[in-house]
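Please open the model in the viewer and keep the selection panel at hand. The stops below are arranged so that each selection leads to the next.

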Amino acid sequence: MSFSALGLRPDLLRAVARQGYTDPTPVQREAIPLVLEGRDLLAGAQTGTGKTAAFVLPMLQRLADSSTRDRRIRALVLTPTRELAIQVEESVRVYSGGQARSTAIYGGVGFGGQVGALRRGAEIVVATPGRLLDHARQGTIDLRSVEILVLDEADRMLDMGFIRDIRQVLALLPDRRQNLLFSATFSREIRSLAEGLLDRPASVQVTPENTAVELVAQVVHPVDRERKRELLTHLVRTRQIDQALVFTRTKHGANKLVEQLNRDGIAAAAIHGNKSQPQRVRALADLRAGRILLLVATEVAARGIDIEALPHVVNYELPMVPADYVHRIGRTGRAGVTGIAVSLVCVDEGPLLREIERLLKMPIEKVEIPGFEPNRAIRPQPIKLRSGQRGGMQNGGSAGHGRGHAAPTHRGAPAGSAGRNAGRGRAGRRPDRGPRRQERSSAPGSSIGNRGWSGMPGERRG
Ligand code: AMP
């Protein structure tokens with residue numbers, strides 16, 4: 001499904017295309033039409049799922065549909081942290097093509113600048129609750145004309161003790177408004193907040209089931225960009241990987257890998273958007289019958305296929321959208337069977353890996369394979385979403401999510417992992433959130449900004 005099927009206006013579709021997004025993520029697919037209808041929404045979605053665009057895009061459209069000339073605040077987004085407030089406000093600017101009058105209000109910085117920005121007139125305010133209330137008390141903000149309220153990462157706001165602040169903010173808003181609540185988890189507290197806040201809400205749930213992730217042992221093998229195929233062959237030959245679904249980003253990448261594997265004497269076949277239905281069916285039958293060991297697939301192609309509990313999923317390349325990682329590894333370890341997800345990660349993919357770890361809220365164990373230790377002298381290169389191939393991004397493949405990806409800035413290194421099964425449980429540690437989206441590239445199919453390995457591959461392990 002493309003963005004145009006969601007009912008968004010052409011200017012927003014252009015903005016989305018400028019970001020390089022070709023397909024909406026699941027939360028966007030579900031939430032955008034509901035928000036456009038004016039419904040209240042309870043959404044279970046966490047960072048990395050594309051949730052920000054899921055509320056910012058339809059919010060911009062609804063405001064534009066009833067645009068007014070006055071300078072009152074019409075939309076209010078509450079976030080737990082100043083970093084998130086900054087990110088969301090930046091998304092507002094990006095998706096509105098700089099047209100929306102928006103401002104971010106958060107603590108820890110001077111009051112005066114924010115007062116000035118509010119005075120000049122902001123239609124959309126993205127704020128942390130405490131500082132917002134400071135403004136309300138000082139009379140420097142008027143929330144009586146808010147039409148759309150978004151609580152982003154509501155569970156975190158409650159964890160951070162903002163419930164009273166939130167209730168105080170609610171009391172400053174008009175009764176008639178549209179309310180959207182996004183939360184990764186649904187505690188009793190969140191439900192009771194939602195009950196009081198939302199009016200006959202639609203609900204959307206895309207947060208990955210923890211159990212799916214927990215049933216899969218995950219490991220990252222750091223390796224040089226040019227040695228991935230060699231490593232994969234090695235893992236298969238040494239029986240560290242048996243039958244597996246192998247993910248590449250592009251159709252071209254899938255074809256090339258299959259050719260090389262076949263040359264290495266490993267039976268493999270590709271399935272992707274350019275393969276006919278009979279070809280796909282045959283590849284699947286071959287896999288089931290054990291005639292091939294590896295089925296190389298792009299994201300989209302893999303979605304519809306039904307393979308029971310494959311022992312391994314291999315991320316030959318990491319997906320561009322963190323949530324896709326969870327979908328991919330969900331292809332193993334089904335029905336109570338423990339699966340293993342192996343990711344071959346090169347220096348270029350450090351930022352993608354960190355985003356995935358942030359989504360999982362745990363680090364993934366890094367294990368270097370002797371003889372394939374990455375050469376630390378190799379510098380990261382931007383990931384080419386088109387790999388010089390026509391149509392690389394159009395369909396098939398996580399490249400279908402091609403985008404000017406948010407390259408995270410340096411965040412703390414993921415906590416070192418311990419033990420072979422470090423990836424199994426939820427470590428419960430939430431890696432720090434740093435400002436993101438600082439190196440957004442502007443053209444579809446262009447490359448991702450990249451800062452390399454920082455915090456990436458574990459120290460060498462034996
Ligand atoms: P969020 O969950 O809102 O923090 O978004 C996670 C990341 O996904 C951000 O870097 C977004 O730029 C990116 N993103 C959002 N929507 C899409 C999409 N439809 N296709 C590809 N990337 C997306």
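Select helix 6 (residues 129–138) and helix 8 (residues 163–170); helices (H or I, at least four residues) and strands (E, at least two) are DSSP runs, numbered from the N terminus. Helix 6 passes helix 8 in a left-handed crossing, meaning that the near helix is turned anticlockwise from the far one by less than a right angle. The two axes come within 9 Å and cross at roughly 40°; axes are lines fitted to C-alpha atoms, for helices over the stretch in contact, and angles run from 0 to 180 degrees between N-to-C directions. Helix 6 is therefore oblique to helix 8, given that angles under 35 degrees count as roughly parallel, over 145 as roughly antiparallel, 65 to 115 as roughly perpendicular and the rest as oblique.

This is a predicted model, in which local features need pLDDT of at least 70 and side-chain atom pairs count only at pLDDT 80 or more, while totals for chains, interfaces and linings use all residues. Residues are numbered from 1 along each chain as its sequence is written, and side-chain values use heavy atoms, with hydrogens and water left out.

Helix 6 contributes Pro129, Gly130, Leu132, Leu133 and Arg137, and helix 8 contributes Asp165, Ile166, Gln168 and Val169; contact means heavy atoms within 4.5 Å.

Now select methionine 157, in helix 7 (residues 154–159). Is methionine 157 buried or exposed? Its relative accessible area is 0%, so methionine 157 is buried (buried is under 20% relative accessible area, exposed over 50%, partly exposed in between, with a 1.4 Å probe and protein chains only). Beyond neighbours within four places in sequence, its contacts include Pro129, Phe162 and Ile166. Threonine 81 lies 76 residues away along the chain, yet its C-alpha atom is 8.2 Å from that of methionine 157.

Proceed to the largest nonpolar core, which has 43 residues; such a core is a set of buried Ala, Val, Leu, Ile, Met, Phe, Trp, Tyr and Cys residues joined through side-chain atoms within 4.5 Å. Leu41, Leu57, Met59, Ile124 and Phe182 touch the most other members. Helix 3 (residues 51–65) supplies the largest share, 8 residues. A second, separate core of 30 residues includes Val146, Val169, Leu170 and Ala194.

Finally, select helix 11 (residues 228–237), where Lys228, Leu231, Leu232, Thr233, Leu235 and Val236 are buried. Their cover includes strand 8 (216–222) and helix 12 (251–263). Arginine 239, which follows helix 11, has a positive phi near 60°.
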